[in-house]
Amino acid sequence: MSEQLKFIVEQLNREPFKKNFNLITFDSLEPMQLLQTLNDVLAEIDSKQEIDIREEMPEQTAKRMFTLLGLLKYKPTGGFSDTSSFRQGLVTGSKPVIHPILHWLLQRVPELKKRAYLARFLVKLDVPGEFLTDDVISETYHQYEELVEGFKSYHKECEQLRNSGFSTAEIRRDIAAMEEEKDQLIKRVERLRKRVESVSNHQRMLELARQLRVEKEREESLAHQKQEQKNQLFQAEQRLQRCQIQLKDLRQAASDAKPESLMKRLEEEIKFNSYMVSDKLPKELERMRRKVHYLQKVASEPAMGHAELAELEDKIKQLSQMNQVMEKKVSRSDPMDDNLALYRQQASIIARKKEAKAEELQGAREELAGLTRELSSKSNQARGQGGVEIIRADEFKRYVAKMRGKNITYKKKRQETAELKAEFGILQRTEEILRQRHTAELQQLQTLEAQRGISGFSETQEELERVSAIKSELDELKGRTLDDMSEMVKKLNSAIVEKKSALSPIIKELRPLRQQCQELAEEYDEKKAQYDTCAAGLESNRSKLEQEVRTLREEIAQEENRYHHINCQKEVIEIQMQRAADEMKVYVSSDPQTRKKSIREQYMKNIAEQESLGKKLREQQKQVKESHGPNMRQVRMWKDLEQLLECKKQCYLRAQSQASIGQVIQDSGEDRLVL
């Protein structure tokens with residue numbers, strides 16, 4: 001508590017409060033003074049709270065402070081969790097209530113200023129629902145909500161600009177520097193234009209330079225477009241490859257389609273859908289509802305400061321530590337969990353794998369749905385362009401008849417395919433027999449070669465034939481490649497010759513222009529050096545002259561000030577002398593009426609009046625002192641008389657209440673009791 005009081009006193013003694021408190025004086029403040037101090041702190045946070053609480057009813061003061069503290073998200077500490085007790089303590093100026101509020105407010109004044117400013121615009125008006133049925137009120141309230149949202153966005157942009165590090169002074173300096181550079185460039189362009197105008201045929205040179213610049217820009221844009229077209233072509237080729245692969249997969253899936261596989265696929269799909277509906281989607285829905293509820297709760301609360309975030313982090317750490325301790329206790333107290341831990345871990349791993357596979361399958365299905373939509377859109381586009389027509393009923397009948405004929409043909413072809421497969425089996429068996437015979441003959445040939453001493457002759461001959469065939473293929477490929485390269489070289493040479501022929505007249509025209517440009521550049525460098533030296537000398541002289549002019553202007557200003565000051569003093573002295581001369585004339589005048597108008601006479605008259613008034617007051621004081629004692633005795637006598645009359649009144653009332661015992665008769669100032 002002492003640290004809290006020290007902090008409060010220290011903050012109140014600083015700007016902008018300047019209370020000059022110490023611990024003793026602050027602790028001895030009356031409830032009304034303590035409430036006024038709290039109101040001053042709240043007025044620093046919100047200027048609307050600046051009011052003297054002596055001119056306000058206590059209930060109104062408590063209500064106003066209670067409302068502002070609610071907007072600032074103050075939570076009562078200690079034993080004042082009840083709203084009524086906290087409000088009562090705030091009305092009476094209780095120290096256990098006021099001191100924590102001051103400590104909390106003074107810790108975060110800038111943050112609370114911002115919060116109070118935002119609350120002024122973001123706390124929405126509570127309009128009853130029956131009023132919103134009116135169209136005008138509903139439209140006005142809708143406009144009000146739009147303005148609130150607009151204020152939020154503008155405030156965010158303002159905060160971003162403030163935190164971005166930009167300074168208006170720096171921007172102004174940059175603008176001034178850019179304007180100076182712009183002026184310098186304009187002057188330089190004017191000088192170059194004047195120099196170029198003196199050259200003969202300068203218009204054609206400028207036109208050629210302009211055309212060259214335009215062609216370079218066009219070349220850059222064409223190169224950029226070429227690169228973009230290459231990228232688009234590459235992306236289109238990739239998309240085409242993906243679509244071809246997908247089409248191939250779909251055709252394979254359609255070719256392998258059987259009733260058993262379809263049933264199996266449908267059963268898997270039913271299992272997956274039932275798992276999604278009964279297990280995964282309800283969990284996700286419940287999780288999203290909790291998340292939405294939590295986000296709504298967070299959005300309904302105002303922004304939290306760093307101190308509140310630190311408190312929440314401390315609470316989270318404490319709860320996590322408590323949770324770890326409880327888990328350890330539970331694991332120690334229940335030995336059966338050790339035996340079930342392995343099964344639980346396996347069950348959790350299987351559940352996670354199941355959820356992951358379900359998510360992968362869901363993603364694949366979404367991708368398939370997207371491709372299906374894309375295919376339908378493409379088919380619609382093709383149909384719109386006349387590629388495919390919508391089938392009518394009679395056409396569909398003809399199509400069914402055609403398909404029946406194709407079915408009969410398909411059955412015949414399938415029978416032929418079965419025969420061909422049987423023949424293929426026979427041929428395959430024949431091939432195997434021939435291969436066996438071939439291997440046997442090769443073995444006999446190898447034995448014969450070994451007997452004659454030429455083993456490996458047949459293999460070497462086969463290898464040579466294979467290598468010669470590969471070499472001939474490579475030679476043909478090299479020949480085609482060389483022909484392509486020669487054609488490409490010819491094309492490039494022809495393109496280079498065309499470019500050279502097109503550029504040769506321009507190059508011829510540019511050669512004298514380059515010579516002239518070099519001469520002009522040398523002349524420009526020479527003149528620029530002369531200009532720089534001359535400008536440096538003139539700049540130094542100008543700075544000296546400016547310094548002299550500045551000193552002379554300062555001297556002139558000082559002398560002018562001195563001159564005006566002396567003139568003012570002179571006028572004042574002349575006026576005073578004139579008043580003194582007029583006073584002397586009036587005072588010396590023989591006319592008594594004129595003499596009465598003098599300042600001396602007026603002052604003497606006032607002095608006499610004040611002396612007479614003081615004499616009267618002293619006489620009144622003397623009379624009061626003399627009559628003070630008798631008057632005080634008379635006051636005491638009146639008070640005694642009042643007590644006596646009050647006693648008689650009480651006796652009379654008591655007698656009236658005891659009328660059954662007797663009767664009191666008052667006669668000529670005497671009281672008689674008759675039993």
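Where is the place of Lys-187? Lys-187 sits in helix H9, a helix that covers residues 168-197. The model shown here is a predicted one.

Lys-187 can be followed out to the surface. Its relative accessibility is 53%, so Lys-187 counts as exposed, given that exposed means over 50%. Together with Arg-188, Arg-191, Arg-195 and Lys-527, Lys-187 forms a positive surface patch. Helix H9 gives the most to this positive patch, namely 4 residues.

There is also a patch of negative charge. Glu-519, Glu-522, Glu-523, Asp-525 and Glu-526 form a negative surface patch. One of these residues, Glu-523, belongs to helix H15, which runs over residues 457-588. Glu-523 has a relative accessible area of 41% and is therefore partly exposed, because that class lies between the 20% limit for buried and the 50% limit for exposed.

The next topic is the aromatic rings. A pair of aromatic rings is described by the distance of the centres and the angle of the planes. The structure contains 3 aromatic pairs. In the pair of Tyr-141 and Tyr-144, the ring centres are 5.9 Å apart and the planes meet at 40°, so this pair is tilted. Both Tyr-141 and Tyr-144 are part of helix H8 (residues 135-163), where they are 3 residues apart, about one turn of the helix.

Accessibility can be read for each partner of this pair. Tyr-141 has a relative accessible area of 19% and is therefore buried, because buried means under 20%. Tyr-144 has a relative accessibility of 21%, so Tyr-144 counts as partly exposed.

Note on methods: Residues are numbered from 1 along each chain as its sequence is written. This is a predicted model: local features need pLDDT of at least 70, side-chain atom pairs count only at pLDDT 80 or more; totals for chains, interfaces and linings use all residues. Side-chain values use heavy atoms; hydrogens and water are left out. Patches are made of residues with over 30% relative accessible area and no salt bridge: like charges are joined within 9 Å, nonpolar side chains (Val, Leu, Ile, Met, Phe, Trp, Tyr) within 5 Å. Accessible areas come from the Shrake-Rupley method with a 1.4 Å probe; for residues, only the protein chains shown count as cover. A salt bridge is a side-chain nitrogen of Lys or Arg within 4 Å of a carboxyl oxygen of Asp or Glu. Lys and Arg count as positive and Asp and Glu as negative; His and the chain ends are not counted. The place of a charge is taken as NZ of Lys, CZ of Arg, CG of Asp or CD of Glu. Helices (H or I, at least four residues) and strands (E, at least two) are DSSP runs, numbered from the N terminus. Buried means under 20% relative accessible area, exposed over 50%, partly exposed in between (1.4 Å probe, protein chains only). Rings of Phe, Tyr and Trp (its six-membered ring) pair if their centres lie within 6.5 Å; planes under 30 degrees apart count as stacked, over 60 as edge-to-face and the rest as tilted.
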